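Hello,

Here is the structure I promised to pass on.

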Amino acid sequence: MISKLRYGNTNTFFIQGERGSLLIDTDFAGTLPAFYKAIKEHSIKISDISYVLATHYHPDHIGLISVLMKQGVKLLLIDTQNSHIHFAEEIFRKDKRLDYEPINTDNSIIISSKDSREFLENLGIEGEIISTPSHSEDSIALILDNGICFVGDLEPIEYIDAYDDNVKLKNDWKLVMSYNPKIIYYAHANEKIL
């Protein structure tokens, strides 16, 4: 089961596997009441969320991770993201209105992309996590075997021709398309059915 949660500027996705679940991205710090409302509308409780995975560590994707971790949700961190996890802290620190607590990586599960299939399989989710560094070095995408793909802030595929010189972007899309996706879910755009 996949639920699209829209409660701020960033699309958040909840994937329920047979033995666990995964929340992909959160919005900015300060959106917790709206997040609670969104999960309630989808009959999801915090206790239903096993892991949270950020497609990358920009402030509009990780604002609620610390709060969720305090409530028992584990952080799934891909090893290529490890050095970027505190990227947004300075941005949040500048805005005193936002109640943001830095992410404590001591309570995270760190895996490599190559180990992601086995990890997800333990949750009853068939797919894998791949590195897509054209947006940011820590960007990842989740590709499910059923053809559903979550790409975060990867520039939409329909705009790829406008980026002639962006070899990284073209390589990311070449990799994503090698999995033959059927639906691509973006963090800030409507999904694309292929």
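Asp 48 and Lys 45 form a salt bridge, with their closest N and O atoms 4.0 Å apart. The term means a side-chain nitrogen of Lys or Arg within 4 Å of a carboxyl oxygen of Asp or Glu. Asp 48 is partly exposed, at 26% relative accessible area. On that scale buried is under 20%, exposed is over 50%, and partly exposed lies in between (1.4 Å probe, protein chains only).

Before you read on: this is a predicted model, where local features need pLDDT of at least 70 and side-chain atom pairs count only at pLDDT 80 or more, while totals for chains, interfaces and linings use all residues. Residues are numbered from 1 along each chain as its sequence is written, and side-chain values use heavy atoms, with hydrogens and water left out.

How many salt bridges are there by this rule? The count is 9. Side chains of opposite charge can pair when their charged atoms come close.

Glu 101 and Lys 70 make another salt bridge, at 2.7 Å from N to O. This pair links distant parts of the chain, 31 residues apart. Glu 101 sits in the loop between α4 (89-94) and β6 (108-111), and Lys 70 in helix α3. Helices (H or I, at least four residues) and strands (E, at least two) are DSSP runs, numbered from the N terminus. Glu 101 is partly exposed at 40% relative accessibility. Lys 70 is exposed at 61%.

Glu 137 and Lys 168 also meet in a salt bridge, at 2.4 Å from N to O. Glu 137 lies in the loop between β7 (127-131) and β8 (140-144), and Lys 168 in helix α6 (residues 167-177), so the pair ties together parts 31 residues apart in sequence. Both ends are partly exposed: Glu 137 at 44%, Lys 168 at 41%.

Now the pocket. A pocket here is an open set of points on a 1 Å grid over the protein atoms alone, where a 1.4 Å probe fits, with protein on both sides within 12 Å along at least five of seven lines; lining residues have an atom within 4 Å of a point. The largest pocket has a volume of about 160 Å³, meaning the space filled by probe spheres set on the points. Its lining includes Lys 70 and Glu 101, along with Asp 99 and Tyr 100. Helix α3 (residues 65-70) gives the largest share of that lining, 3 residues.

Best wishes
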